[in-house]
Amino acid sequence: MNLLRLLTLCLALFAANSANAEEARPLAADPVTEQRLLAITGELRCLVCQNETIAASNADLANDLREQIRGMIQSGKSDDEIIDFLVTRYGDYVLYRPPVKNITLFLWGGPLLFFIAGIFGLRHYLVRRNRQIAAGDALSDADKRLAEALLAGEAPVTPDPSKTPPS
Amino acid sequence: MNNKFVWILVAFALLVALLAVGLTRDPREIPSPLIGKSAPEFSLPQLGKDATFAPADLRGKVWLLNVWASWCVSCREEHAELVKLASRNLLPIVGLNYKEVRGDAGLDSSKLTPDEEKQLATGRAQQWLAERGDPYTLSVLDLDGRVGIDYGVYGVPETFLIDKAGVIRFKQIGVITPEALEQKLLPLIAELNQ
């Protein structure tokens, strides 16, 4: 009997709570539309909260745009047409994947440029090091003596005072 | 001095300069792709009248389209400037009242019928204009914000300057400050009116 009373109480509390909760966002009737909506809006930037996608954003405008795109999907528009619709209104800014244009060439080509520069830098460094090793001047005389002493298991002959470890 | 060290310093200075310039720019200001294009057509009911308005009605005139709403806090700041501008009779100012009811987060508009919504919007908008002065030649009601989407509105207030051929020539994102008015809008209006 007590258990039943407790259960009723829980149910009553739950009902009161859910009455206060926010209503769920409207979804289109068919899951296919909703899936496409998610795929499209996941690629688009919300203009109000600029680091969120339109799919994720709770902003009013994002809600309106989702509603609009839902309508466009249902009226048979293609993904490209829908994305064009948004770009003509809000600009390339809405695209998380900006198109390759003159102004975005550095953005797209930059990583390759840095990669090539890195390869050249590495080559330059290796060639110079090889030359130093071949010339036999990679180590100074003092370094050589120190290295030999260490290899022989002896204490360094002249410990460098600037490199004493902190006690 | 060591050559390599100087180069690192120069690269660092360039990076600092680049970032410093970036800091002075407003990330909320997204350039509109509509500038230089025809103002999107619409036909919306006028506020407090039994008529509609379409941008084509003002063909042959230079005019301003100002997006506003009574729930928009920055619009209050801008309003005085607009009233002042209107009193100079330079050009028609059309108000696009944007989501008067639905934009108000404190109100559940989904429970209203379309008629109730329009009535509520009209009442709120008219009261706002009565209290603060009405700078608008006319205002139209964009209850669901669809026209706002066509104009790429993402934050109220926004203002569009439209020329005689119906082409958008300038967009002010956010409040029209006295500086923006004097330095950008007024010279452009004078130029377009020639």
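Start with the second largest pocket, which has a volume of about 510 Å³. Keep in mind as you go that this is a predicted model.

To find the pocket, select B:Arg25, B:Asp26, B:Glu29, B:Ile30 and B:Pro31, the residues that lie nearest its centre. They belong to a lining of 17 residues. Colour that lining by class and you'll get seven nonpolar, four polar and six charged residues. Which strand gives the largest share of the lining? That's β7 of chain B, residues 168–173, with four residues.

Strand β7 is also your way into the sheet. Show the strands of chain B and pick out the five that form an open sheet, in the order β5-β4-β3-β6-β7. The pairing here is mixed. Now look at the two ends: β5 (138–142) and β7 of chain B are the edge strands, and each has a single partner, so one side of each is left without a neighbour in the sheet. Turn the view along the sheet to follow the twist, which averages 20° from one strand to the next.

Next, zoom in on β3 (residues 63–68) and β4 (residues 93–98) of chain B. These two run parallel and are joined by five bridges.

Last stop: helix α2 of chain B, residues 73–87.

Methods
Residues are numbered from 1 along each chain as its sequence is written. Chains are lettered from A and ligands numbered from 1 in the order in which they are written. This is a predicted model: local features need pLDDT of at least 70, side-chain atom pairs count only at pLDDT 80 or more; totals for chains, interfaces and linings use all residues. Side-chain values use heavy atoms; hydrogens and water are left out. On a 1 Å grid over the protein atoms alone, a cavity is a set of points where a 1.4 Å probe fits but cannot get out, and a pocket is an open set with protein on both sides within 12 Å along at least five of seven lines; lining residues have an atom within 4 Å of a point. Grid points are joined across faces, edges and corners, and a volume is the space filled by probe spheres set on the points. Ala, Val, Leu, Ile, Met, Phe, Trp, Tyr, Cys and Pro count as nonpolar, Asp, Glu, Lys and Arg as charged, and the others, Gly among them, as polar. Two strands pair if DSSP finds at least two bridges between them. Axes are lines fitted to C-alpha atoms, for helices over the stretch in contact, and angles run from 0 to 180 degrees between N-to-C directions. Contact means heavy atoms within 4.5 Å.
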